[in-house]
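Have the sequence and the 3D view ready.

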Amino acid sequence: MVAAGTLAAPMVHAQGTGGSLRFAFWDHWVPGGNDALKKLAADWGEKNRVNVSLDFINTTGNQLQLTAAAQAQSGNGHDGISLTPWDVGAYSDKLEPVDEVIQRLEAKYGTINPVAKFLAVHGGKWRGIPATSGTQNKPACVRFDLMQEHAGIDVRAMWPASGERGPGADTWTWDTFLKAAEACHKAGVPFGLPMGQFSDAVDWVGALFLSYGAQITNAKGEPTIKGNEKLKQAIDYGVRLSKFLPNDVWAWDDASNNRALISGKSALVFNPPSAWAVAKRDNIAVAEKCWTIPMPAGPAGRFLAYLPFTTGIWSFGKNKNAAKAMLEFFSQRESAEFTTNTSGGYDIPPFATMSDFKIWETQNPPVGTIANYPLKPHHQAKTSIAFDPAPPELASQMYIQALNTKVIARVAQGGETIDQAMGWLEREINNMRRG
């Protein structure tokens, strides 16, 4: 059982009145990031006389995903578990509906992020509660000194910490981005953008594609590739941009872009503030020159790569009412802000009405460095996840196989024409659909 804490526990509907709960949560990247859930669980458990036990499982080697798969198959394990984006759909028939909890939360805080809803609703029912802990955006973290010196762009003036657009914000497009990437590459501080098969690469390229209106399937999963000029434009852009990135980005993992920023060798990465936080610890001279800004806009608008966690309650759980009540408590504004504060501003709540937590304005150095990390109205952007609007079963396969980065690599690295690469992409999707 986790140690008791002192955080106030506001009443939520149908709280448990005894028994025990055992949950498996994602093991947070940020040191101390797990402490918020430990404290919240302890406070809620003490108030409701529930013995709450938490296990934290990391995603290295897909340990969390393998745990969920084993428990779903065996019908035994934790009462609830953190689920990566596509796993809610994979196990929807084994997850307890939580519609009544969602209804109360939305009545109080407004609608839930549409991407989180897309991932969590199956068969017309909510199969999990979108989580704050672990949920991240992936905007641009920029070395403002290097961008100013080599590309002539003042990102702090363009996207100030004051909650408004500054001069030049309307010019922050992928075309501007390409010119800046070329300039920084020539100066020896290239943008650190992974192009391989890990989530950081798939996420930012997914947002790029959507900003061109380049969907590769429809909502039924049918390929929309033949004659898709928007997709051709997005692939062509990715190929041109790749020429100004480090030569080995095709093999980068999710830590490579972090290392590029922290080492001082890169002028820009797409990442949550964890990379900045490590720089703050290990290379303060870099951290002092970092500024987070929105992703660039494309012909179809501005999209922000978004990677949400969902907490599911197993239908075979023994104390489902208590599990729902605890997760509802975790979702209250006070709890969400405590969770975000404990992670140093990394965690993103699923409600737009919670994009005003003070920590994003006050984090430093420099003050305001991550003020534009949460999606704000003045960004004029939408959150996105790669391969939307494909059905989850298909989208998860495309995501794992990184089809969006691979199709660029086949042109940039493999020497294929864009038409040849698009033909390969269509064949891969059809093979996945046939199983």
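We begin with an open sheet of 5 strands, in the order β2-β1-β3-β13-β6, with mixed pairing. Strands and helices here are DSSP runs numbered from the N terminus: helices are H or I runs of at least four residues, and strands are E runs of at least two. Two strands pair if DSSP finds at least two bridges between them. At the edges of the sheet sit β2 (51-57) and β6, each pairing on one side only. Further in, β1 and strand β3 (residues 80-83) run parallel and are joined by 2 bridges. Look for Ala24, which stands opposite Ile81 in β3.

Before going on, a word about the model. It is a predicted one, where local features need pLDDT of at least 70, side-chain atom pairs count only at pLDDT 80 or more, and totals for chains, interfaces and linings use all residues. Residues are numbered from 1 along each chain as its sequence is written, and side-chain values use heavy atoms, with hydrogens and water left out.

Strand β8 (residues 140-143) runs antiparallel to β10, and 4 bridges join the two. Within this pair, Arg143 stands opposite Cys290 in β10. Strand β10 (residues 290-293) is covered on both faces: Cys290 and Thr292 are buried on one side, Trp291 and Ile293 on the other. Buried means under 20% relative accessible area, exposed means over 50%, and partly exposed lies in between (1.4 Å probe, protein chains only).

How many disulfides does a search of the whole structure find? The search finds 0. A disulfide is a covalent bond between the sulfur atoms of two cysteines, and here the test is a pair of cysteine sulfur atoms within 2.5 Å. Cys141 counts as buried because its relative accessibility is 4%. The closest cysteine sulfur to that of Cys184 is also in Cys290, but the distance is 13 Å, too far for a bond. Cys184 has 0% relative accessibility, so this residue counts as buried.

**Empty spaces**

Rolling a probe the size of a water molecule over the atoms shows where empty space is left. On a 1 Å grid over the protein atoms alone, a cavity is a set of points where a 1.4 Å probe fits but cannot get out, while a pocket is an open set with protein on both sides within 12 Å along at least five of seven lines; lining residues have an atom within 4 Å of a point. Grid points are joined across faces, edges and corners, and a volume is the space filled by probe spheres set on the points.

The whole structure holds 3 cavities of 30 Å³ or more. Two or more lining residues come from each of β1 (20-26), α1 (35-48), β6 (129-130) and α14 (320-330).

In the second largest cavity, helix α9 (residues 199-211) gives the most to the lining, with 3 residues. Among the residues lining this cavity are Gly206, Phe209 and Leu210.

Turning to the pockets, 37 residues line the largest one, and Trp29, Thr59, Ser199, Asp254 and Leu307 lie nearest its centre. Which element gives the most to this lining? That is α12, with 4 residues. The second largest pocket has a volume of about 330 Å³. Of its 18 lining residues, Asn113, Phe351, Ala352, Leu375 and Thr383 are the closest to its centre.

The table compares the volumes and linings. Ala, Val, Leu, Ile, Met, Phe, Trp, Tyr, Cys and Pro count as nonpolar, Asp, Glu, Lys and Arg as charged, and the others, Gly among them, as polar.

| Space | Volume | Lining residues by class |
|---|---|---|
| Second largest cavity | about 90 Å³ | 7 nonpolar, 4 polar, 1 charged |
| Largest pocket | about 1,200 Å³ | 18 nonpolar, 12 polar, 7 charged |
| Second largest pocket | about 330 Å³ | 12 nonpolar, 5 polar, 1 charged |

**A last stop**

Finally, find Asp419 in helix α19 (residues 418-434). The side chain of Asp419 makes a polar contact (a pair of N or O atoms within 3.5 Å; within protein, one must be able to donate a hydrogen and the other to accept it, and residues adjacent in sequence count only if both atoms are side-chain atoms) with the side chain of Lys232, at 3.0 Å. Asp419 and Lys226 are 193 residues apart along the chain, while their C-alpha atoms are separated by 8.9 Å.
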